[in-house]
Amino acid sequence: MKQIIVGIAIALSCFGYSQDCTYTFLGELSDFHDGTPIASATIFIKELDKYIVSDIDGKFKIEDLCSGTLTLKISHIGCETKTVSFIIEGDTYKTIQLEHHIEELNEISVSGNTSKKETKTAQETVLKASVLKKYSALNIGDALKEVAGVSSINTGNSIVKPMINGMHSSRLLILNNNVRLQDQEWGIEHAPNIDINSAAQISVIKGSGALAYGGDAIGGVIVVNPSRIILRDTLFGKTTLGGQTNGRGISISSSLNKNYANGWFINAQGSLRKNGDFEAPDYVLSNTGANSKGFSVRSGKKTFESGFEIFYSYLNNEIGILRASHIGNILDLVNAINRQEPLIIEDFTYDIGFPKQDVTHHLVKAMYYKRFKNFGKVNLQYDYQNNQRFEFDVRVGDDKDKPALDLNLETHTLSTDVILDSNSDYKLNFGLMGRYQNNFANPDTGVRRLIPDYDKYDFGVYTTAEYAVNTLITLDFGLRYDFNRIDAQKFYRTSRWEERGYDVDFADIVIQDLGTQLLVNPVFDYHNFSASAGIKYLLNDYSYLIGNYSLSSRPPNPSELFSDGLHHSAARIELGDLRLNQEISNRISASYNYSNKDLNITIEGFYNRINDFIYLEPFGIEQTIRGAFPVWNYLQSDAEFYGIDLSASYDITETINILNKSSYTVGNDLENNRPLINIPAFNTRNSLSYTNDSWNNFSASLTSEWTFEQTQFPDNNFETFIAETNENVLVDISTPPNAFHLLHFYSEVTFKTSKFTNLNLALSVNNLLDTNYRAYLNRLRYFADDLGRNIMLQLQFNF
Amino acid sequence: MKTIKYLFIAILSSTFFMACSDDDTPVLVNEEEVITTVQLTLIPVGSGDTVIFESKDLDADGPNAPVITTMGSINASSDYIGTVKFLNELEDPAEDITEEVADEADEHQVFYSFSGNSNSSVGYSDADEDGNPIGLSINFNSGTAATGNTVTITLRHEPTKDASGVSDGDITNAGGETDVEATFTYDVN
């Protein structure tokens, strides 16, 4: 309607005043940020159907104008096309400001097609929506393995923790829509609480170079971003339906986005997933079913000058843990290791019994930003997270249905970030962060707390700078300081307190003596400094080199400080240490990238030296009424990690592509002169794919995944006396399983269903040959084989 | 720059504000279902001492080893009526976990393994609803005189009771998970 009126008005004005066409319009184009003139912009004069170009000072002149409306459509490389209208009643002069940093808009949220990196000189890989959609029915940890050098440490196949260059858990930092995930990430069996269907893009940054996110990312940073906000009146979305044979799983995920040209937007997304018991090639993995429910909604207004966003996400995962992995003592572990198949194999069921996990994560975020002319952009963000974790064990009597672990972790974070980008040669960024966290361990479980009640306070301040020396060289620097205070209240058994020698070193923190137990109040402060410096050097149009150094410091997490008890699936007693201090990492890395039309190669190398690296090591054997258990202590030692990651892609013809991703990582304990535990073995992935766009975007690929046997591992085997059989046995908990080779098939086709909609149909087969294997980095490898063949069919309707 | 100054102050003060949170003292966890004590009482069918084997571990998975006591002496070639008890002595009065085991008899079995020259043996004298042994009540035969024999009492949760040899007290194929394992050394006189 509006257009019609404007059109009529224009038409009338042309007729009405056609005699009086003597006016001149003088325009001046300048950059919104720094006021610099914008030269060579194309200006389309709608009324005259004519193009002109702005001069070196950003000026342009239109002569012989009639009175009435003048509509200009101004476009320039790197700017958003802007349409302005003026009423001409005489000679007119106007300054028009363009948003010359259109790419900056994307940093708030990134689109599915154009990928934007979070860093300039770090080893970063971006996974786009087109890759992520393959993993709609799986876990985020599965998708991240698309990146060379990223593996995962698993507890079964539903608890998949990402691992970057051999490091995981607290050494990785995960951001969901710019909120640092606080979900008890310290535990190996605690998977990240992110619904992969809510992500439109994921960036994996190796090492701690991205200081704005935190100073303790010794292993790396994973940045999960939702879909981009488009400044257009549009409604779009997608619905994905999937089914798979292994686990007889079904999944549905749907998202809807409504955007307005004036910047308002609202997105909603939800997903549901249900799996029954998964299957190894030869047997059912009893009690490995999983249910997942996720929902998120995001709304706000985004314009170039200012905007805000409110985001809420909910995720609930109920995950069954292999029944046969719940063991009582060392004899049970020995029996499990010696058996070829799990002790308990039952018929397939969707029911999830014990042991299991039930984890709910809520995230609320409110964000506001404003741009100031000739200055930059200020972001202000508050976020709240609530993580509720229940773990159910196999218990007897009245306690059968009672969780053995009931932890609630609440986190409030207030942060601000200021970007000074008015000068196009350099960009300065600084920010502040304040965080309060409370952990509550519910005593109603009837089991001593694994992690105590605590309050944690964090304060961080950082600055990063990016400087373009010339068109070939970009430098960046960062500095960060973090203060952490943990204030815990923990019950120790008096016997343990004394055995650890805490009665001598920490006598002053005892606040209550209950006879056999002590209530203590440890308060620890940590000051952490981190820094980074990097260079990117463009060798030519096809290749560049990146070099980066980063220093990072990670304080011990609650589990490393306070663990105190029997770990059932590992049949060991794990003990934290109040005396731990931060681990300090010095990492250098270099990358080379070459890309032309057909060939793309990235080689990434790194060396990471970590002083006071915190790890678990066997310490001795303790007798309990369940029998003897090995005791594992958290210790510190100097360590080194180094490795090389390669990814290469080559288009042999227009339709045939080969792809290789390989990774080699070494981790050594330098003080004890032996390899570190749980380092991924050399692995290489090769794909051959065929793509033909004219057959409804048909593609098919065959991937070979080859993981070598890990020969570098610490020998933590021990001998124990088995009373039932009166013999000493060697408990081999260290020897990694054999190498394995898997084949995977993936094929998809996209049908255009209308001008704006399409239907994508994907068929994939994982472990095509139904190969039996066990993976070194799966904690349940002692008990059962990994997954057998899985055929998945997925329908995605994009509208 | 003013904006930044205000932001700085706002965040700093919010950290302090958050710092003034409540300081609730945590409640001591009342440990349930923990077995601290195993007691095997052997009452002679004929004459002789009542023999009690006891293993008590009051700090559970704490560093202290269980305290083992033996009362009374065992006579050679004698039959005893044996009963085993599981207690949680962290509660006052002590909780008798044997009752829970008996209530879920089909999910539990107590095994007795021997070593030494006496060749002592046990036979089950109780049964669950399926007719499989539980092992809370036993007949004990002391065997020949010898010193330094051991008996290991193992309580298994969810054993496969119909597996080969299990109903005869052979633990080899029992599976399940171990809730209690205690070994006693004794002499047969």
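A:Tyr23 stands opposite A:Leu65 in strand E4 of chain A. The model is predicted, and local features in it need pLDDT of at least 70, side-chain atom pairs count only at pLDDT 80 or more, and totals for chains, interfaces and linings use all residues. Residues are numbered from 1 along each chain as its sequence is written, while chains are lettered from A and ligands numbered from 1 in the order in which they are written.

Strand E1 (residues 23–31) of chain A and E4(A) pair in the antiparallel sense over five bridges. Strands (E, at least two residues) and helices (H or I, at least four) are DSSP runs, numbered from the N terminus, and two strands pair if DSSP finds at least two bridges between them. E4-E1-E7 is the order of an open sheet of three strands in chain A, with mixed pairing. Its edge strands, each pairing on one side only, are E4 (59–65) and E7 (92–98) of chain A. From one strand to the next, the twist averages 20°; axes are lines fitted to C-alpha atoms, for helices over the stretch in contact, and angles run from 0 to 180 degrees between N-to-C directions.

Chain A is divided into domain 1 (2–100) and domain 2 (123–130 + 132–798), with bounds that come from an automatic or database domain assignment. Taken over C-alpha atoms, the centres of domain 1 and domain 2 of chain A are separated by 53 Å.

The interior comes next. A residue is buried if 20 or more other C-beta atoms lie within 10 Å of its own, exposed if 12 or fewer, and partly exposed in between, with C-beta atoms placed from the backbone. A nonpolar core is a set of buried Ala, Val, Leu, Ile, Met, Phe, Trp, Tyr and Cys residues joined through C-beta atoms within 7 Å. The largest such core has 95 residues, and A:Leu175, A:Ile202, A:Val221 and A:Ile222 are those with the most contacts inside it. Apart from it lies another core, of 35 residues, among them B:Tyr80 and B:Val188.

Helix H5 (residues 330–338) of chain A is mostly covered, with seven of its nine residues buried. Among them are A:Ile330, A:Asp332 and A:Asn335. The buried residues of H5(A) pack against strands E36 (627–651), E41 (718–722) and E42 (727–731) of chain A, together with E10 of chain B.

By contrast, A:Ile791, found in strand E45 (residues 790–798) of chain A, is partly exposed because 15 other C-beta atoms lie within 10 Å. A:Ile791 and A:Gln244 are 547 residues apart along the chain, yet 5.5 Å separate their C-alpha atoms. Not counting residues up to four places away in sequence, A:Ile791 touches A:Gln244, A:Thr245 and A:Val765; residues are in contact if their C-beta atoms, placed from the backbone, lie within 7 Å.

Chain B has two helices and ten strands. Of its 189 residues, 38% count as buried. The contact between the chains takes 50 residues from chain B and 52 residues from chain A. H1(B) gives the largest share of the side of chain B that touches chain A, ten residues. By class, this side of chain B has 21 nonpolar, 18 polar and eleven charged residues. Here Ala, Val, Leu, Ile, Met, Phe, Trp, Tyr, Cys and Pro count as nonpolar, Asp, Glu, Lys and Arg as charged, and the others, Gly among them, as polar.

Methods. Contact = placed C-beta atoms within 7 Å.
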